[in-house]
Amino acid sequence: MTAPLLDAHRLVKRFGDFTAVNGIDVQVQPGEAFGFLGPNGAGKSSTMRMIACVSAPSEGSLHMFGLDAATHGAAIRARIGVVPQLDTLDTELSVQENLWLYGRFFDLSRAESKRRTKELLEFAQLSERADSIVDNLSGGMKRRLSIARSLINEPELLLLDEPTTGLDPQARHVLWDRLYRLKQQGVTLVLTTHYMDEAEQLCDRLVVMDQGRIVAEGSPRSLIEQYATREVLELRFAAGTNDQQTAALAGIGERQEVLPDRVLVYANDGEAALVQAHDRGARPESALVRRASLEDVFLLLTGRSLVD
Amino acid sequence: MATLAPRSLIGPLRVAEWHLLIYRRFWRMNVLSSFLQPMLYLLGLGVGVGSLVDANTSSSDTLGGVSYVAYVAPGLLVTTAMALCAAESMWPVMGGLKWQRGYHGIATTPLTATDIVLGHGLWMAVRGATAAAAVSVALALFPETRSWGLVPTVVVAALVGMAFAMPIMAFSINAEMDGGFAALQRFFIIPLFLFGGAFYPITQLPVVVQWLAKIPPLWHGVVVARGFTTGNIDWLATAGHLAYVCLWIAVGIVVSVRRLRRKLYP
């Protein structure tokens, strides 16, 4: 194993009395695509901000490229790209001005910044909109521009905080394709998301965070195998009657989860579980058997209660 | 990260370049208004009020033996820089942190909070100087206000601009909403415009108001600028006034950097 590109040990972030990140250990190898999953408020963004060297750890150690983040912030920032959760684009400037100017912040010469701007416009499929004012772009285009801009310094590590939140399905797929290409070029990706399909698509390895701690770690496949059954039976009952079904369903499969809109039965054989449920007198309005997904793991580990 | 000193002047220059690039989209509108407004004041007050003032011989003594237009001109130059740099350090600074969030974009590059603050200061100096230069060109057209003293006055205007820009930047960084800006304009900038020595010697005011008028940097800048344009220069006093103006700049920078660092790198 090579030296880790990112090495966090017992990392803590406090804001006053509130502990946002509560002692996490993370290592990311060069070339990996690594994900932080978790509900809102789990501490993902605080972790990302520490990794981006814009927020100092309250406790613990954080090393990037072998440099101590507490003392080498500017040097580390020169080697990473950051796609923040909220765009920080200059909406009054044109697409190419945004790229070119950002290159200048990384001390690129005018000519070099111009050359990379041209390349990145193509990469982000924005060449035709080069002179458009950013304010007039669609959400997907702005996101692609944010990613393009974060690549202007040819970073070894790209940080993406909820890169596709708020985008339509087409825009998300275009973005995933671009990120996949970067990964193939050897760029290390670290991202946060609360979309399970995004995590399954992009991440080699991920951690699930909840209340500032890491509650599980592994590849998407291994997490599903470890925490979920092979199949899941989804039952929908008349509205408001989910809680009354638990007695009838008790003991079927390995576990049941009552969600606001449906009841999940975790079983290795979903069809058999459905037959059992019918035999016990359950009369769902609809039933569906599917393979277990990362979402099931997520729901199990982070609890089903709605988190604001 | 703990030191106040920038790594080099490159960082502030890059930030100023950012402001310039945005300004290029709006400069026509901007130059016109920052030129027209002082011209209207100069015509309305200098010529209108001036004809009354100049007819009264005892007023001429109070004004140091110059015509009212010549007396008001340097005051307008400096107040123009003050008003411009004050406004440019309110909403745009809040925009950098809260609306467009450009400062947050810069925070993830190797540039630092110090670079952003000094870059803003540098840009304000340029804006203050160009606005004052535009007014100077117009003043040079008229024999009564034409003077080589207009050249150093541009520098004074730039310094006064920064002396307002930097403390106001510190205020804007910590402001939660933009409502405070209108109050700052109404209860600080406009009273200074009226009572800061631009239109009449502050010795005409009650002593308490005189002392209040001397606290902000405006009056000091106006006195120095007027010395240059009228040719009555007391060099020792000029040095003292300029040092006081620079003190405001320095304090504004230090507080701004501290506050911005806390906002950008929590």
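Before anything else, I noted how elements get their names: helices (H or I, at least four residues) and strands (E, at least two) are DSSP runs, numbered from the N terminus. This is a predicted model, where local features need pLDDT of at least 70, side-chain atom pairs count only at pLDDT 80 or more, and totals for chains, interfaces and linings use all residues. Residues are numbered from 1 along each chain as its sequence is written, while chains are lettered from A and ligands numbered from 1 in the order in which they are written.

**Entry 1**

I started with A:Cys53, in the loop between α1 (44-51) and β4 of chain A. Its phi is positive, about 60°, although A:Cys53 is not a glycine. I reminded myself that most residues other than glycine have a negative phi.

Is A:Cys53 buried or exposed? I first needed the cut-offs: a residue is buried if 20 or more other C-beta atoms lie within 10 Å of its own, exposed if 12 or fewer, and partly exposed in between, with C-beta atoms placed from the backbone. A:Cys53 has 26 other C-beta atoms within 10 Å, so it is buried.

Then I looked up A:Glu162, which sits in the loop between β7 (157-161) and α6 (169-184) of chain A. This residue is not a glycine either, and its phi is positive, near 50°. A:Glu162 counts as buried because it has 21 C-beta neighbours inside 10 Å.

**Entry 2: a sheet in chain A**

Next I traced an open sheet of 4 strands in chain A, with the order β2-β1-β4-β5 and antiparallel pairing. For pairing, DSSP has to find at least two bridges between two strands. The edge strands are β2 (18-28) and β5 (67-68) of chain A, and each pairs on one side only.

I followed β1 (residues 6-15) of chain A and found that it pairs with β2(A) over 8 bridges, in the antiparallel sense. A:Arg14 stands opposite A:Thr19 in β2(A). The hairpin of β1(A) and β2(A) has 2 residues between the strands, and A:Gly16 takes a positive phi there, near 65°.

The bridge partner of A:Met64 in β5(A) is A:Leu67.

**Entry 3: helix α10 of chain A**

I picked A:Gly270, which is found in helix α10 (residues 270-279) of chain A. A:Gly270 is buried, with 22 other C-beta atoms within 10 Å. What does A:Gly270 touch, not counting residues up to four places away in sequence? I found A:Glu231, A:Val232, A:Leu233 and A:Val289. Touching, or contact, is when the C-beta atoms of two residues, placed from the backbone, lie within 7 Å.

The buried residues of α10(A) are A:Gly270, A:Ala273, A:Leu274 and A:Ala277. They cover an arc of only 100° around the axis (taken from the directions from the helix axis to the C-beta atoms), so they are on the same side of α10(A). I recalled that an α-helix has 3.6 residues a turn, so residues three or four places apart point the same way. On the other side of α10(A), I found A:Glu271, A:Val275, A:His278 and A:Asp279 exposed.

What covers the buried residues of α10(A) includes β11 (231-236), α9 (246-249), β13 (263-267) and β14 (286-291) of chain A. After α10(A) comes A:Gly281, with a positive phi near 100°.

**Entry 4: where the chains meet**

I then checked the contact between the chains: 22 residues of chain A are in contact with 23 residues of chain B. On the side of chain A that touches chain B, α2 (73-77) and α3 (95-105) of chain A each supply at least two residues. α3(A) gives the most, with 4 residues.

How is α3(A) placed? It is largely enclosed by the rest of the structure, because 11 of its 11 residues are buried. Among them are A:Trp100 and A:Arg104. Their cover includes α4 (110-123) and α5 (139-150) of chain A, together with α1 (10-23) and α6 (102-107) of chain B. Just after α3(A), I noted A:Asp107 with a positive phi of about 65°.
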